[in-house]
Amino acid sequence: MAHKLVIVESPAKARTIGGYLGEGYVVESSIGHIRDLPNSAADTPAKIKDKPWGRLAVDVENGFVPYYVVPRDKKSHIAKLKTLLKDADELYLATDEDREGEAIAWHLLDELKPKVPVHRMVFHEITKPAILAAVENPRQINDDLVEAQEARRILDRLYGYEVSPVLWKKVMSGLSAGRVQSVATRLVVDRERDRMKFRVASYWDLEGTFDAGSDHDPRMFPAKLHSVDGARVARGSDFGSDGALKSSAQGKVVHVDRTRAEALVEALRDTSYDVRSVESKPYRRSPYAPFRTTTLQQEASRKLGMSASVTMSVAQRLYENGFITYMRTDSTTLSGSAVNAARSQVRELYGAEYLPDSPRVYASKVKNAQEAHEAIRPAGDSFRTPAQTGLTGEQFRLYELIWMRTVASQMKDAVGQSVSIRLGGASATGEDVVFSATGRVITFHGFLKAYVEGTDDASAAKDDAETRLPALTEGDAVSAASVSASGHETKPPARYTEATLIKELEDREIGRPSTYASIIKTIVDRGYVYKKGTALVPAWLAFSVTRLLEDHFPRQVSYEFTAGMEDVLDEIAAGHKDRATELGEFYYGSERVQGLHTLVTELGEIDARELATFPIGGPDSGIHLRVGRYGPYLEGPDEEGNPTGKRANVPDDLPPDELTLEKAAELFANPAGEEIDLGQHPDTGLRIVAKNGRFGPYVTEVLPDDAPKSARPRTGSLLKSMSLETVTLEDALKLLSLPRVVGVDPENGEEITAQNGRYGPYLKKGSDSRSLATEEQLFTVTLEEALALYAQPKQRGRAAAAPPLKELGNDPVSGQPVVVKSGRFGEYVTDGEYNATLRKDDTVESITIERAAELLAERRARGPAKKTAKRGAKKAAKKTTKKTTGTKSTTRKSAAKKATTKKAAAKKS
DNA sequence: CAGTGAGCGAGCTTCCGCTTGACTT
């Protein structure tokens, strides 16, 4: 039986829509995008690999043509769709009606190559009438919208894959840059810079409790000093971040300090007051719009303490099980049936007096909203109350939040009165003082009865907060029950949290609902940002990277870049602009802008050292922080005046704004940073400690303060079998006993010693060395064994000794036998001339001669091995420093990883 | 930032946005 095949994006959606369409339709999902640019070299088709732009998979020389592949994990799914299509007589592409959805539809068309009629079907709410109407009114794929999506995709690829390598070279291997993540990182860094520049201002005022007399309710009420002799008393917002009064406040306000405040309290001891004015204004507040992705993430963070990613995965489960509508949306629109459901629930639960006469409509506040979905709301044509769902735990709490917000969004405004009362009096010293009291009374709670939004600032008043004031009138006499001075300090701008950073990104039109949570993960995974409680703190690494990007890619990391890009994409989608032209301008530049490619190729010299240096405590202190390969450290002048004579480690988790000069002095006093005390050496009595050094973890002895300057403490790297967490004094003593004298060569009387070095354990006899196979041999190798090793030639000995792991037969091209070997970089196949490393999916067990021939052919296509190797060696020899950077950054990375693990462990305990 | 002695098949890292399982712990 032939059927009509409908393809949507999400499996859960497919199930629901399948139910609406019924017989004759098969509804399947694409599970998101089905094709993409290859994400690594292993996925890049061989035919474009050799092109100069092969790494990008975008032909930048020829109209920016993208080369798409079906990712490995999507291949079987595509096969399934093809099978379903075989028996279909019509195909409906029902992906989301936004830029990405249109592109998915086009990719499906291009990949499935259907021979039957194809329709593009769109809908914005998943209700039976909407779906049935959509089937009846199909359209064609909008090619301009697809063009806009491809432009977006290609731009992001070019940005990410051109700028990231600059960071690998100049900062650290493995780092990344991108249109979204680099701006997100910059926001966090900029906020920290503001905090570092911030200077606190201290100011005082008076707080009093006043007595309106026994016939008033409430009788007592609080008020604050508002003005003295007509000049308003300065409050926090009158001060700038430099700690001084803002120019707009100067001459208008009086800055009360402690002395003045305390003197005033004294002078007001016997003052009586009269009501100078009573101002009453109506208070009215409308409900919040239903949830979209970002507002849900914010509220779940404030009220349930959920991270953005937890919120999304809990919401995903609710969605899959039919409790809520789709959770990745930028729309606040409710379908007609949802409005009805909310309204009937309002009537049932709160009564008709809470129901507005007509439904409320929420227009989107998000500038680049694509509105492919509804708001996030309880699913269905009638809402289940949380109790009716049978949900528990996190799912229950998140559902409850969504349900309450949705119901509240269709309730009446809250109304009431806000009142401001001014009390005047004269001090004993002749000043005219005015106190101010503000109050708010809510006479009808409306939606606030169902839902009150949380606040990010704990001291901020909630929307339903009430303060009642007595019903005073002008001229009434009031007495002060108590007046006291109270000091305040201005606070630096708060760090971003996940939720506030996401909000900021959305406000700036950066990122999409499906990516907000993963943006945070990216910048945390890269080591740019870490979480301290809920706050996002930038690592010094982020300062280096941000500075590089600001200096050399100012347009690309500007906060306006994405918004500008969105405008251009809209023009492309409208058919007014051309994709290749716009990408050409972005990549190669124009009279107006500098192109990305130009910027990358003409970078010039970037002084990596300067880039990673940040003065501490002003430029004159001589002390600066440097981001080294092993983490941040301080450098400063020593007693002899050597400007870099003093150094000290900076803990990875010390927030940059806490690194003051005082803190620096403290760190200089204990430059090594964390060390683990292992105990005393039984012979020398010296304290033995374990530390992390630039070559990894090691143990050393602590020399007494009165030891001669020339004395060097013994040291020893931990063996691979040991770790800083588990190393014992016994281990340390063993390590410090090295080098061990193995014996004397009877031939020439030279001493043979065993020790641990850069390349692992080895024997040394004068300037002649031999590697040892295991670290254990350091302590066990005998003179006979040592002499046997020395009897063998130095270089070839080991290489010849290592037998091939597997023999595969002869290569069809060279005719030479092919074997699998294990080398420095892992397992590889070789025909004697060419060597090719096994890829991620190859194993020694599974590899065949055919696969080996494939790998060797690929390798051969890149040219002779010796030539490239030599060139590499020459380069390395010329720029020794650079080579060192490359090797060591790996160490740094793993060290950082370890540090993170340790931190996490510490938090747990 | 602890201070040491080779000579060897390199090859890969990375973007943003759409979507879920398949993994392991």
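## Asp507 and its helix

Let's start at Asp507, which lies in helix α14 (helices are DSSP runs of H or I with at least four residues, strands are E runs of at least two, and both are numbered from the N terminus). Asp507 is partly exposed, because its relative accessibility is 40% (buried means under 20% relative accessible area, exposed over 50%, and partly exposed in between, using a 1.4 Å probe and protein chains only). Val366 is 141 residues away from Asp507 along the chain, yet their C-alpha atoms are separated by 7.3 Å.

Helix α14 (residues 498–507) also meets helix α15 (residues 516–525): their axes come within 10 Å and cross at roughly 115°. The axes here are lines fitted to C-alpha atoms over the stretch in contact, with angles running from 0 to 180 degrees between N-to-C directions. On the α14 side, the contact uses Glu498, Leu501, Ile502, Leu505 and Glu506, and on the α15 side Tyr516, Ile519, Ile520 and Ile523 (contact means heavy atoms within 4.5 Å). By class, that makes seven nonpolar, two charged and no polar residues. In this grouping, Ala, Val, Leu, Ile, Met, Phe, Trp, Tyr, Cys and Pro are nonpolar, Asp, Glu, Lys and Arg are charged, and the others, Gly among them, are polar.

Residues are numbered from 1 along each chain as its sequence is written, with chains lettered from A and ligands numbered from 1 in the order in which they are written.

Chain A averages a pLDDT of 88, and 92% of the residues score at least 70 (pLDDT is the predictor's confidence in each residue, from 0 to 100). Confidence is highest in helix α13 (residues 393–408), at a mean of 98, and lowest in helix α28 (residues 880–908), at 34. Two stretches call for care: pLDDT stays under 50 over residues 796–801, with one contact beyond four places in sequence, and also over residues 866–909, with 22 such contacts. Where pLDDT is low, the predicted coordinates should not be read in detail.

## The chain as a whole

Chain A has 28 helices and 32 strands, and its C-alpha atoms fill a box of roughly 115 × 95 × 60 Å along the principal axes. Of its 909 residues, 46% count as buried. Among contacts with a separation of 6 or more, 65% join residues 24 or more positions apart.

## What the record marks

An unreviewed UniProt entry places "domain: Topo IA-type catalytic" at residues 142–594. That span is 38% helix and 19% strand, and its end C-alpha atoms lie 31 Å apart. The unreviewed entry also places an "active site" at Tyr326; such annotations may be inferred rather than shown by experiment.

Tyr326 sits in the loop between α10 (308–320) and α11 (336–350). Tyr326 counts as buried because its relative accessibility is 15%. Beyond its neighbours within four places in sequence, Tyr326 contacts Tyr319, His373 and Ile376.

## A look at Asn692

Asn692 lies in strand β22 (residues 687–693) and is partly exposed, with a relative accessible area of 43%. Not counting residues up to four places away, Asn692 touches Pro697, Tyr698 and Leu724.

Technical notes: This is a predicted model: local features need pLDDT of at least 70, side-chain atom pairs count only at pLDDT 80 or more; totals for chains, interfaces and linings use all residues. Side-chain values use heavy atoms; hydrogens and water are left out.
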